[in-house]
Amino acid sequence: MSLDTGTEALARLAEERVDHRFKGLPPDAEGLTVGELAAQRRNLFSDGFATPVLALSAERLEHNLALMESYTERHGLAFAPHGKTSMAPQLFRRQTERGAWGITLAVPHQVRVARAFGTRRVFLANELVDAPALRWIAAELERDADFRFVCYVDSVRGVELMDAALRGTGRPVDVVVELAAGEGARTGVRTEAECAAVADAVAGTRTLRLVGVAGYEGEVPQADPDRVHAYLSRLVALAVDFDKAGRFAGLTEIVVSAGGSAWFDAVADVFAGVPELSAPVLKLLRSGAYVSHDDGRYRDVTPFNRVPEEGALEPAFRLWAQVVSRPSPEQAFANAGKRDAAYDLDLPVAQVIRRAGTERPATGVSVTGLSDQHAWLSTGPEADLEVGDWVGLGLSHPCTSFDKWQLIPVAEADGTVVDYIRTFF
């Protein structure tokens, strides 16, 4: 998929018709194209949008994109933000336009989405052993000389399965050995000796090419700065050992990759000390949640809390729900629930109330639970809340916020909707 073809595919998103598939959009927009609706620049609060409706802040989204672009440049890091967060090709394009090397993904379907919209470089942060998916990847590599694809290997058995699926194909598939973050962590090879065995297995094939090492420091058990730095230092040492052993002979670039959204400052620290190897090193960071950030878990764990001089991400999501029941002075119910809001890490947080065009803090209002289509609200004596009020909710966990919405309005601070983000989960 060429970049020009991807641009055409993105442009076609604006030609999609607005209909019943898309929650929260104005009912009278039925039949308009997304582009036509965007051109109307409707106001989120006064021009027919129905609750519940999730919106992205135009200003905060742009701020976050710019901040991580400058951060990675300042620290000499290449950037492949994890696309599973949004699964939004429009955001993939904005990320690559802001300097991203490529996009990280997790499963083959996500790669197909990215390729359909012109993504040229994909880092698959998983071992891929599905034979049909591997053959599709091989066909994409054969068809498009500009397509760069890298994925994990973390077992000899995995290498054998990949080799069997890829025999008879053209370009070899580039792989990196994944070093596990510790005993009991998620995926990855547990010891350096086992890493060498996996690398030997790759070297024994013609279908795979070892191009580096990678890992995910977010899975370090009982993570703290010392443990995370120690793990990342092991990862760098593994790359150095592999290079000394000649495992990267003939490469023009060696990949060393890590980085989630909680410890990218540690990645920057440790990767700054990567020594000179036999080829230039691509120090590839993969943090993804930054694009929208959040009002919960990622607000609490972002590295910018530790390094405030580097900047601060801003939560870009707000879910608007409407009070539909006020059965007692202590309780109310709004019309957004588990189908609409992330809840796997933390419950939503009531932030503001809108009534008759006026917005004020949600004093005395808290979310105590979610049903499928209701938010349970506890209301204290100071809460001024009536049926019909709109409640603006902050969310925790971007990945499980994006995936509940197929078309998300992007609104400026005054409520003017300037764009719509299409997701593909």
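A polar contact here is a pair of N or O atoms within 3.5 Å; within protein, one atom must be able to donate a hydrogen and the other to accept it, and residues adjacent in sequence count only if both atoms are side-chain atoms. The model is predicted, so local features need pLDDT of at least 70 and side-chain atom pairs count only at pLDDT 80 or more, while totals for chains, interfaces and linings use all residues. Residues are numbered from 1 along each chain as its sequence is written, and side-chain values use heavy atoms, with hydrogens and water left out.

**First stop: T104**

Select T104, which is found in strand 3; helices (H or I, at least four residues) and strands (E, at least two) are DSSP runs numbered from the N terminus. A polar atom of the T104 side chain lies 2.6 Å from the backbone oxygen of A80. With a relative accessible area of 0%, T104 is buried, a term that means under 20% relative accessible area, whereas exposed means over 50% and partly exposed is in between (1.4 Å probe, protein chains only). If you show its contacts (heavy atoms within 4.5 Å) and leave aside neighbours within four places in sequence, you will find A80, P81, H82, G83, K84, F123, A125 and R286.

Now widen the selection to the 8 strands that form an open sheet in the order 2-9-8-7-6-5-4-3, with parallel pairing. Its edge strands are strand 2 (78–79) and strand 3 (103–105), each of which pairs on one side only; two strands pair if DSSP finds at least two bridges between them. Within this sheet, strand 5 (residues 148–153) and strand 6 (residues 173–178) pair in the parallel sense over 4 bridges, and V150 stands opposite D174 in strand 6.

**Helices 5 and 6**

Select helix 5 (residues 108–116), which lies across strand 3, strand 4 (121–127) and strand 5 and runs at about 150° to strand 3. Axes are lines fitted to C-alpha atoms, for helices over the stretch in contact, and angles run from 0 to 180 degrees between N-to-C directions. The axes of helix 5 and helix 6 (residues 131–143) come within 10 Å and cross at roughly 25°, which makes the two helices roughly parallel, the word used for angles under 35 degrees. To see where they meet, display P108, V111, R112 and R115 in helix 5 together with A133, W136, I137, E140 and R143 in helix 6.

**Helix 10**

Which elements cover the buried residues of helix 10? They include helix 3 (58–74), helix 9, strand 8 (254–258) and strand 9 (281–285). Because 7 of the 8 residues of helix 10 (residues 264–271) are buried, this helix is largely enclosed by the rest of the structure; the buried ones are F264, D265, A266, V267, A268, V270 and F271.

**Strand 1**

Move to strand 1 (residues 53–57), where 5 of the 5 residues are buried, so this strand too is largely enclosed by the rest of the structure. V53, A55 and S57 on one side and L54 and L56 on the other are all buried. Strand 1 pairs with strand 10 (residues 317–328) in the antiparallel sense over 4 bridges, and the bridge partner of L54 there is L319. Strand 1 is also joined by 2 bridges to strand 17 (residues 407–411), with which it runs parallel, and L56 stands opposite V410 in strand 17.

**Last stop: D224**

Finish at D224, in the loop between strand 7 (208–214) and helix 9 (225–244). D224 is partly exposed, with a relative accessible area of 25%, and a polar atom of its side chain lies 2.8 Å from the backbone nitrogen of R227.

Key:
Parallel < 35°, antiparallel > 145°, perpendicular 65-115°, else oblique.
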